[in-house]
Each structure stands twice: as structure tokens, then as C-alpha cells.
Amino acid sequence: EGLGDLLFAFDNALIDYVSLAAECARRVKLHWNVPVAIVTDAKAVPLVFDHHIMVERSELKDNPRVYLEYLTNLQFWNSNRNRALDLTPFRRTILLDVDVWIQTDDIPRLWNGEDFALTKEAYSVFSYHELSTDMKVLSRASNLPMYWATVICFDKESEATQDFFSEWKKACANYSTYAHLYGFSAMPVRN
């Protein structure tokens, strides 16, 4: 297939990520008119998805994260997003976080045919609120910039995409070493 959207959704004790993914998929179809694939361990998913890609939870690493809105630590099952290139059924893929609220056709329209696109800058929805340094750099000690996996656009066949995913897998496999070298927290894994 040509262009499509890929969503990863793994529920934890309190958050139904598959339902979030279904709402994201409905909005993607409304505004982008492209097929949507879900990567999950859920055996049944809503019919809004064109592709249901099953993976075992055992493939995922333990990745606790603080959820301030729940005042607790919960598992954050996101450690396999670096497999998006291997799992996508689409030649050109827009990988989205499931909690992205699609309102326009801006993302596919602005992608503009590049082999690969990733977000470096993040902005607060409140114009008066600047993001803290923790949201701009992965490590204050090394001033290592933060890149965002919230939206990643890639062409499966491009060399830039192949290189990026190869390096992403290496970084994840050696995350604690990089955390120590560059002075950022080893948990949760920031993908």
C-alpha cells in the first residue's frame, strides 16, 4: 500500500490505549483519508483499523512511567516503536502517538515527499507557557537535544529511513549505557 498511518497501542492498568488509538484512527480517516494500522497485543480491536498487527507483550521491555494525572507509576509499553519500519504495511508511513488529536490534513500535506521527517521542536498549547529545559534537551549535563517521536513520517524504501531505524534500535539496545554517558535518566525509556 502507499500512504498510511501506524499506531502502537498497549493498555496498562488504567489507560485504554486501544480506545485512544481507535479515536485517533477515526480522526485520521476523517481528515487524511488513509488506511490505519494498529500494532498491539489486544486480540480484538475496533473495526476502524484496516490492519491489526499482533505482537506479544513479552517482546516489550518493562518501562514504568510517572503519570501525574493519576498520581502513580504505571507501565508504559512503548519500547517496540523502533520496529515500526519492520511492522508497517505501508510504503510511506506516518507513525503517530495515539493521543495526537488530528484536526486538519496538515501532517500529510506538509510532509512533502521527504524520505524521513521527525520533530525536534515541541511547543506548549498555551502561548504564554514556554516548555521547560527538560522538554528541550534530553540531558542538561550534555545539552543533548530532545527529538520527539510523537509524529514520524518515513518512506520504507529510503536509505535515510533504514539508517534511522537501525540507529534507533541500537540506541534502545544500549539505552542505559547512553544514559550514563550523556547524563540522562535511564527510566522511562524515551523513544
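Helix α5 has a buried set of residues made up of T161, F165, W168 and C172, where buried means under 20% relative accessible area, exposed means over 50% and partly exposed falls in between, using a 1.4 Å probe and protein chains only. These four cover an arc of only 60 degrees around the axis, which puts them on the same side of α5; the arc is taken from the directions that lead from the helix axis to the C-beta atoms. On the other side of α5, E159 and A173 are exposed. Helices (H or I, at least four residues) and strands (E, at least two) are DSSP runs, numbered from the N terminus.

A word on the model: it is predicted, so local features need pLDDT of at least 70 and side-chain atom pairs count only at pLDDT 80 or more, while totals for chains, interfaces and linings use all residues. Residues are numbered from 1 along each chain as its sequence is written, and side-chain values use heavy atoms, with hydrogens and water left out.

Next come the strands. In strand β1 (residues 3-9), six of the seven residues are buried, so the strand is largely enclosed by the rest of the structure. β1 has strand β6 (residues 92-96) as a parallel partner, joined to it by five bridges, and two strands count as paired if DSSP finds at least two bridges between them. In this pairing, L6 stands opposite L95 in β6. β1 also runs parallel to strand β2 (residues 36-40), again with five bridges, and here D5 stands opposite V36 of β2. Together with helix α1 (residues 17-32), β1 and β2 make a right-handed β-α-β unit. Right-handed is meant as follows: with the strands pointing away from the viewer, the path from the first strand over the helix to the second runs clockwise.

What stands out in the loop between α1 and β2? The loop holds N33, which has a positive phi of about 55 degrees although it is not a glycine. Most residues other than glycine have a negative phi. N33 counts as exposed, at 68% relative accessibility.

On to charged pairs. Side chains of opposite charge can pair when their charged atoms come close. The count comes to 10 salt bridges, each being a side-chain nitrogen of Lys or Arg within 4 Å of a carboxyl oxygen of Asp or Glu. One of them joins D50 and K29, with 2.8 Å from N to O. This pair links distant parts of the chain, as D50 sits in the loop between β2 and β3 (51-54) and K29 in helix α1, 21 residues apart. D50 is partly exposed, with a relative accessible area of 40%, and K29 is partly exposed too, at 27%.

R109 turns up in two salt bridges, one with D105 at 3.4 Å from N to O and one with D106, where the closest N and O atoms are 2.4 Å apart. R109 and D106 both lie in helix α3 (residues 106-111), three residues apart, or about one turn of the helix. An α-helix has 3.6 residues a turn, so residues three or four places apart point the same way. The relative accessible area is 48% for R109, which is partly exposed. D105 is partly exposed at 36%, and D106 counts as partly exposed at 30%. Elsewhere, E23, R26 and R27 are linked in a network of salt bridges.

How many disulfides does the structure hold? There are zero, taking a disulfide as a pair of cysteine sulfur atoms within 2.5 Å. As for cysteines, C153 counts as buried at 5% relative accessibility, and C172 is buried with a relative accessible area of 14%.

Lastly, A149 is found in strand β10 (residues 148-155). With a relative accessible area of 8%, A149 is buried. The C-alpha atoms of A149 and N82 are separated by 9.8 Å, while the two residues are 67 residues apart along the chain.
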